[in-house]
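The sequence and the structure are shown first, and the description follows.

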Amino acid sequence: MGQILDRINKENDIKKIDSAKYSELAEEIRAFLIDKVSKTGGHLASNLGTVELTIALHSVLELPKDKIVWDVGHQAYTHKILTGRKEQFDRLRQIDGLSGFPKRHESACDTFDTGHSSTSISAALGMAAANQLEKRSDKIVAVIGDGALTGGMALEALNNAASLKRNFVIILNDNNMSISENVGSMSNYLSKFRVGEHYNDFKEDVETHLSRIPKIGHKLVERIKRTKDSLKNLIISGGLFDDLGITYIGPIDGHDIQGMIEIFHNALKIDHPIVIHVKTVKGKGYTFAENNPSKFHGIGTFDIETGEEISKKHLPNVMSYTEIFSRTLVKLAKDNEKIVAITAAMPDGTGLFRFQKNYPDRFFDVGIAEEHAVTFAAGMAVSGYKPVVSIYSSFYQRAYDQILHDVCLQNLPVVMIIDRAGLVGQDGETHQGIFDISFLSAMPNMVIVAPRDTRELVEATKFAIAYNGPVAVRFPKGDAPVSRSGKENPFKFGKSALVEKGKDIAIITVGNMFEEAYRAVELLKKERVFPTLVDARFIKPLDIRMIEKVALKHKVIVVIEEAIKKGGYGEAVETYVHEQNLNTDVHVMAIEDQFVPQGKIGDLRERIGISYKQIYEKVLELTK
């Protein structure tokens, strides 16, 4: 650890360090982050880009009295280091370890739990309004990325912010990136501040003429540059922000610590909301991350010297669920020109980059705007197209009303690809995709499919494209197992697959939990217990014939799903069995009423109680 960093062990320790040493501290923090994240994985590029910004904020604020709200929060590693948590970084994103996001239970300096985009201005504005009511003098700062401004919630908050009659600072961290490269008019709008010819040419002319004034010219130019209303702000206004009634300053260099400190000091004295536009470089200080910020946005363990991720061992010819979906969609789109693909700022993570490459005119990245993505798809559907919207499970939560009101109510043929369904692991509570079954199952007209392996995902994607109504195809993060059986049940609407016939007890699995159950069944056979094994395939509608058939032949049914139990598939089976007075007991193994923290997926399954070992133990208990 660096000599300066060793002196920081709690919040506000940074104030004991000579500000002339801050640049050296920034380099020590970067070295620390690269070393630790290379061993644990995590969000590296975004954190490397905000080191100086965080140092500057901590130097002018008094934490935890003053408050910083980090949008998304994956860029708060330096904040955690400066608030006394550097010793915990060896357990970053591990079960019971340090979260990769702000967590109020970790520190009083983490003022708001974040994980999703475009929320910081709303939350911080609420805190500022509360302070106004309480007549408190605490300073409130929201840090939001330029990509997050495409989220409607951020714009709603900006619209509301102008009514506040007290200091409120919004830092716009502009690195020209969200996860993938930014798109849309907001990105173009901010680009005008970065590279506008009119501004740059006029600025140079003014500087040239002022510098020619004898004796005082050069001093005058330097004085103007140093003031909080810099030359840049004399020439261009904040445009959107000024029109909303919010003072705009910037753009300023987000790696100039002393410059930011001076501006932040002045901004914190203003008696109304202010936006400070800070320009940073994502991945700064680590060449591999600077050259490929998308790769290092969220990365596993990697070799520092080469920048290459330390690959996990893969079976030959095994592909991820996402890649299989991606390849299948491209093939289907070749013969169907009505297929269009839509994503919300994640073409790489959702696999749609391949579709974008092959059919650029039919690909739409709407930015971080999940609500808009779904209703945009609905508009394309009523116009005769077949929209395929691919978003992570946890982010579909943001579009609940649009799915219900704009798609299902009109029974529109929109395909919703739910990537990262189930446990995603180390990103923790805000990212676990465990709620989609519950909230989608309640929607009339919705069909939900959960393929278990390679073949089923291909068939499910084909089915979804052909189906004339709302359909969701959910699959998890990670590699898709190759189908185990030589002769598969045909893939038909609303039909489950009977994989193995047994006696006494039946196991019905949802999606990827088939693999855990299969391992358990192999162990059970050694105990002379032979369960019937059923792959649900369709979560909605229920395959009631299969349920009745299984219920008539077995005393006990165990349903296993990697999703929240309340409102899930297992409860639907349990309710149907009860309503039909079928003579069998139903036991649901799912996630109880809780949020699931970070950790490796295997460890989390053990803790939740749905690992193959626990399935094995549960079935043994029920059969004996």
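Ser393 belongs to helix α17, which covers residues 393-396. This model is a predicted one. Is Ser393 buried or exposed? Its relative accessible area is 1%, and because this value is under 20%, Ser393 counts as buried. The side chain of Ser393 makes a polar contact of 2.7 Å with the side chain of Asp436. Apart from neighbours within four places in sequence, the residues in contact with Ser393 are Ile418, Asp419, Arg420, Ala421, Gly433, Ile434 and Asp436.

In general, the strands of a sheet pair through backbone hydrogen bonds, in either a parallel or an antiparallel manner. In this model, an open sheet is formed by five strands in the order β1-β2-β3-β5-β4, with parallel pairing. Strands β1 and β4 are at the edges, and each of them pairs on one side only. On average, neighbouring strands of this sheet are turned by 20 degrees against each other, direction ignored.

| Strand | Residues |
|---|---|
| β1 | 67-70 |
| β2 | 140-145 |
| β3 | 168-174 |
| β4 | 247-253 |
| β5 | 273-279 |

How many bridges join β4 to β5? There are five, and the two strands run parallel. Within this part of the sheet, Asp253 stands opposite Lys279 of β5. Helix α5, made of residues 120-134, lies across β1, β2 and β3 and runs at about 170 degrees to β2.

**A pair of helices**

The packing of two helices is described by the angle between their axes and the distance between the axes. Helix α3 (residues 51-60) and helix α12 (residues 257-267) have axes that come within 9 Å and cross at roughly 40 degrees. This angle makes α3 oblique to α12, and the crossing of the two helices is right-handed. On the side of α3, the contact is made by Glu52, Leu53, Ile55, Ala56, Leu57, Ser59 and Val60. Helix α12 contributes Ile257, Met260, Ile261, Phe264 and His265.

**The whole protein**

The secondary structure of the protein comprises 25 helices and 17 strands. The protein has 624 residues, of which 58% count as buried. Among contacts with a separation of 6 or more, 75% are between residues 24 or more positions apart.

Conventions. Residues are numbered from 1 along each chain as its sequence is written. This is a predicted model: local features need pLDDT of at least 70, side-chain atom pairs count only at pLDDT 80 or more; totals for chains, interfaces and linings use all residues. Side-chain values use heavy atoms; hydrogens and water are left out. Two strands pair if DSSP finds at least two bridges between them. Helices (H or I, at least four residues) and strands (E, at least two) are DSSP runs, numbered from the N terminus. Axes are lines fitted to C-alpha atoms, for helices over the stretch in contact, and angles run from 0 to 180 degrees between N-to-C directions. Contact means heavy atoms within 4.5 Å. Buried means under 20% relative accessible area, exposed over 50%, partly exposed in between (1.4 Å probe, protein chains only). A polar contact is a pair of N or O atoms within 3.5 Å; within protein, one must be able to donate a hydrogen and the other to accept it, and residues adjacent in sequence count only if both atoms are side-chain atoms. Angles under 35 degrees count as roughly parallel, over 145 as roughly antiparallel, 65 to 115 as roughly perpendicular and the rest as oblique. A crossing is left-handed if the near helix is turned anticlockwise from the far one by less than a right angle, and right-handed if clockwise.
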